[in-house]
Amino acid sequence: MYIRGTVERLQMGHGGFSSVWKRRWTVVTKGALYCFGTELRPGPEEGPEFQVRLASHVTQLSDATFAFKERFDREHCLTVESTGRGRTQKGKARRTVTLAFKDPGTLANWRACLERATVPFDLAPPKPSLFKACQRIDLVSINDILLAENATELINEQNMYKCTALHYAVKAACNTAKDAKKTNEITPDLEKSLMVVALLMAHGANPHIKDNLGRTCFEIVELTVVGLPRTKKIIL
């Protein structure tokens with residue numbers, strides 16, 4: 001790990017009509033920058049809200065222009081932009097994050113760490129498979145994978161257990177629902193896992209495909225969320 005701490009991140013405000021600065025716990029490690037959904041140091045079970053790949057062939061660091069500083073009322077800003085394969089930007093998907101720092105020294109320190117963390121092309125960490133991303137409820141990676149050109153081929157692909165990504169997403173949603181039942185609250189993990197299921201379905205995932213035990217996604221839900229009628233209704 002190169003550097004970590006709480007910095008301000010520019011992100012969309014409520015309703016998506018404006019941009020606001022939010023204090024967010026941010027981590028720079030080899031090959032990636034991670035922004036979390038809180039300003040406090042997250043627990044080990046909390047995944048990042050947003051991530052940007054740091055690789056020499058796709059990543060660019062740029063200082064804020066005078067106009068940007070005037071508009072967003074921050075003096076010491078840095079934009080990290082990473083471009084990878086996808087459907088937008090003429091075949092390329094762009095991920096951008098803008099961070100603000102309290103003074104020029106802090107900005108210089110973070111910039112130096114980002115430059116050191118940016119790896120050569122052949123050392124860039126591989127992205128997880130769609131199966132693994134669904135198991136981890138890794139919404140960021142799932143979005144990246146589904147933006148790829150071969151997403152239609154991956155969405156209903158079956159592994160050695162005859163499972164599709166939707167099988168794993170449904171299992172993860174059921175497990176988080178059971179955990180949420182203990183506290184009688186809708187947890188962020190439950191919300192995120194249900195978003196994963198909805199996202200896969202929106203991209204054409206077929207819930208009727210059977211795994212090696214002959215179970216469809218519907219049958220997994222029926223067997224797993226016994227005693228959780230609300231969750232069962234949402235997933236089905």
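**Close-ups: one glutamine and some rings**

**View A. Glutamine 51 sits in strand E4, residues 50-53.** Strands (E) are DSSP runs of at least two residues and helices (H or I) of at least four, numbered from the N terminus. This is a predicted model, where local features need pLDDT of at least 70, side-chain atom pairs count only at pLDDT 80 or more, and totals for chains, interfaces and linings use all residues. Residues are numbered from 1 along each chain as its sequence is written, and side-chain values use heavy atoms, leaving out hydrogens and water. With a relative accessible area of 17%, glutamine 51 is buried (buried is under 20%, exposed over 50%, partly exposed in between; 1.4 Å probe, protein chains only). Skipping residues up to four places away in sequence, glutamine 51 touches Leu33, Tyr34, Arg95, Val140 and Ser141 (contact means heavy atoms within 4.5 Å).

**View B. Phenylalanine 68 and phenylalanine 72 make one of three aromatic pairs in the structure.** Their centres are 4.6 Å apart with 45° between the planes, so the pair is tilted (Phe, Tyr and Trp rings, the last by its six-membered ring, pair with centres within 6.5 Å; planes under 30 degrees apart are stacked, over 60 edge-to-face, the rest tilted). Both residues lie in helix H1 (residues 66-72), four residues apart, or about one turn of the helix. Phenylalanine 68 is buried at 18% relative accessibility, and phenylalanine 72 is buried at 15%.

**View C. Phenylalanine 101 and tryptophan 110 form another tilted pair.** Here it's 5.7 Å centre to centre and 40° between the planes. Phenylalanine 101 is buried at 8% relative accessible area, as is tryptophan 110 at 5%.
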